[in-house]
Amino acid sequence: MKRYTDAKTYDNQTPSVVTIGTFDGVHIGHKKIIDRLIESAQKNGLDSVILTFFPHPRMVLQQDSNIKLINTIDERIQILEKTGLTSLVIHPFTQEFSRLTAGEYVQQMLVDRLNVRHVIIGYDHRFGRNRNSNITDLASYGIQNDFTVEEISKQDIDDVAVSSTKIREALLQGDITRANTFLGYEYMLTGIVVKGKELGRKLNYPTANLYIEEKYKLIPKNGVYIVKSEIDGTIRFGMMNIGTNPTVNGTQQSIETHFFDASFNLYDKKIQIQMLKRIRDEKKFDSIEQLQEAMQQDEDFSRDYINSLV
Ligand SMILES: Cc1cc2nc3c(=O)[nH]c(=O)nc-3n(C[C@H](O)[C@H](O)[C@H](O)COP(=O)(O)O)c2cc1C
Ligand SMILES: Nc1ncnc2c1ncn2[C@@H]1O[C@H](COP(=O)(O)OP(=O)(O)O)[C@@H](O)[C@H]1O
């Protein structure tokens, strides 16, 4: 997959079939559309292109800093990489870009830069300044500019939209199992290991504290989870706590993981953690000893679960 951070740099020698969207999560519904895109490209000798925008239009137009997404942009790239798509164009979404008229957008982006022959798009897609134009308008632009438009039906779109919303809801409720079913892969958190209170090692459970730079990344509901991560080429299982550590009177949310059967220095390392299963809520215990006991139980439960996987 070739990646372009601006449609201007796209290599447009081969004409393309394009689909446009956010594809947050790149879940099983999205995969169906991407498969259709790739099939159409192969059948017609075209380049398969996803045109997506970053930052998310809502972050730019509504300054909606509270928007939460299933994937960071890097995670989205990583997952799309595996789909067999030929090109991913991540065009910067700016105030200026949002003011392009529909005609300017089609001419500059689709025709001039992407050399489009075919567009696969949702029945309710809107584009151009103030989202003034729709799929019927796109089809007329197509007649003038020698490209065709294929509609994704309401039914297909509803399936996709419903699963994005369902995934976000499931994650906020801590229902990782359900989220993973809709995603078709395990929900991931990607970040840098930073220093914490250095208490973990005293509890005999050193925990790597994950710092996630992207404030728009959705963090699942507080609680304890079974996780795994590939670290330096080895798969490590572990248990993660997301929460404020009320037992030790913490206030800030932290994301900390103890990896089983491992001893290593992870500070400053970038790691990606897959979430497998929720164990319980985070609790305020009356003593450190009780917390330690709970962690021992979490470990037993996690090890049983992990052993049942193989
Ligand atoms: C599996 C696991 C479960 C945890 N459960 C709780 C909990 O229920 N309540 C709580 O206050 N802290 C819980 N913690 C967080 C501990 O308080 C935390 O690991 C300890 O404060 C060490 O933090 P540090 O890494 O910043 O030193 C849990 C941690 C892990 C790894
Ligand atoms: N099995 C392990 N799981 C997680 N971290 C480990 C493990 N073994 C060693 N470490 C190291 O210990 C650090 C965590 O120790 P801890 O006492 O909890 O300190 P901190 O509060 O800074 O996280 C991790 O960042 C990592 O570098």
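UniProt, in an unreviewed entry, places the feature "domain: Riboflavin kinase" at residues 182-307. The model described here is predicted. Within it, the span 182-307 is 17% helix and 37% strand. Its end C-alpha atoms lie 24 Å apart.

**Domains**

The domain assignment gives domain 1 as residues 2-168 and domain 2 as residues 186-309. Taken over C-alpha atoms, the centres of the two domains are separated by 36 Å. Contact between them involves 9 residues of domain 1 and 6 residues of domain 2. On the side of domain 1 that touches domain 2, the residues divide into 4 nonpolar, 1 polar and 4 charged.

**The six-stranded sheet**

One open sheet has 6 strands in the order β1-β4-β3-β2-β5-β6. The pairing is parallel. β1 (2-4) and β6 (148-152) stand at the edges. Each has a single partner strand, so one side of each is left without a neighbour in the sheet. On average, neighbouring strands of this sheet are turned by 20° against each other, direction ignored.

β2 (residues 16-20) and β3 (residues 47-54) pair in the parallel sense over 5 bridges. V18 stands opposite V49 in β3. Helix α6 (residues 135-145) lies across β5 (116-122) and β6. The helix α6 runs at about 160° to β6.

**The ligand shells**

Two ligands have computed shells.

Which residues come nearest to ligand 1? Of the 24 residues around ligand 1, these are G196, L199, G200, N241 and T247. The elements that give two or more residues to this shell are β10 (234-243), β11 and α9 (288-309). The largest share of the shell around ligand 1 comes from α9, with 4 residues.

Ligand 2 has 20 residues around it. Those that come nearest are G196, G200, R201, P206 and L266. Here β8 (208-211) and β11 (254-259) each supply at least two residues of the shell.

Terms used. Residues are numbered from 1 along each chain as its sequence is written. Chains are lettered from A and ligands numbered from 1 in the order in which they are written. This is a predicted model: local features need pLDDT of at least 70, side-chain atom pairs count only at pLDDT 80 or more; totals for chains, interfaces and linings use all residues. A residue is near a molecule or strand if its C-beta atom, placed from the backbone, lies within 6 Å of it. UniProt positions are given in the numbering used here, feature names are shortened, and annotations may be inferred rather than shown by experiment. Domain bounds come from an automatic or database domain assignment. Two residues are in contact if their C-beta atoms, placed from the backbone, lie within 7 Å. Ala, Val, Leu, Ile, Met, Phe, Trp, Tyr, Cys and Pro count as nonpolar, Asp, Glu, Lys and Arg as charged, and the others, Gly among them, as polar. Two strands pair if DSSP finds at least two bridges between them. Axes are lines fitted to C-alpha atoms, for helices over the stretch in contact, and angles run from 0 to 180 degrees between N-to-C directions.
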